[in-house]
Amino acid sequence: MTIEWTPLIWNYCPNCSFKLIEAHDGQSIRPHCPDCNKYYYYNPVPAACCFLTNENDELLMVQRSVEPRKGLWTMPGGFVESGETTEEAALRELEEETGLRGTGLRLLGTSTRASKISGGVIVIAYAVESWEGEMEAKTDAMDLGFFSRDKRPDIAFEVHEELIQTYDNLRLDGQI
Ligand SMILES: [Zn+2]
């Protein structure tokens, strides 16, 4: 699919605060700091999310308590922090939002979309094999719930819709 990107506009060098210019790095025109002699690259931001099911084969989802898309539902997850792996990010976000500690991750797939906040986002989805802990909505979650396939709530982000589709397809194929 084609994604319509809206580039972020960067005006100043985050290192030295010199005004950035546009310059050709040999491949493309990029923001460039003449003072640091450094090009800046505009890339999508990585995020990770978790797919967890209960004994009734219902998926765990999180209701957002913050904008954007406050009140709509997502898979538990969030942005990858510097210094952690995507697996660590998925499990950290799971525990932060739901109180559950997961183990045994399996890569399900990825989804890439334009994002107003970061320009673009790549979400990496993992199936969580087992989990423990007391379920409680925390940080940017106002509610949590396990949903069967025919009773899922309105999903906040296209990336998660696409990943849920991936999950359902793998499930129908008997691959997970
Ligand atoms: Zn600079």
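**Overall architecture and the position of T2**

Read from one end of the sequence to the other, the chain follows the pattern β-β-β-β-β-β-β-α-β-β-β-α. In this predicted model, the chain therefore holds two kinds of element, which amount to two helices and ten strands under the run lengths applied to the assignment. The C-alpha atoms, taken along the principal axes, fill a box of roughly 60 × 30 × 30 Å.

The chain is divided into two parts, with domain 1 covering residues 9–42 and domain 2 covering residues 45–172. The C-alpha centres of domain 1 and domain 2 lie 35 Å apart. Of the 176 residues in the chain, 27% are buried. When contacts between residues at least 6 apart in sequence are considered, 62% of them join residues that are at least 24 apart.

The residue T2 illustrates how sequence position and spatial position can be described separately. In space, the C-alpha atom of T2 lies 9.4 Å from that of R113, although 111 residues separate T2 and R113 in sequence. As to its surroundings, T2 counts as exposed because it has 4 C-beta neighbours inside 10 Å, and a residue is classed as exposed when 12 or fewer such atoms are found within that distance.

How values were computed:
Residues numbered from 1 in each chain as written. Predicted model: local features only at pLDDT ≥ 70, side-chain atom pairs only at ≥ 80, totals over all residues. Domains from an automatic or database assignment. Buried ≥ 20, exposed ≤ 12 C-beta atoms within 10 Å, placed from the backbone. Helix = DSSP H or I, 4+ residues; strand = E, 2+ residues; numbered from the N terminus. Contact = placed C-beta atoms within 7 Å.
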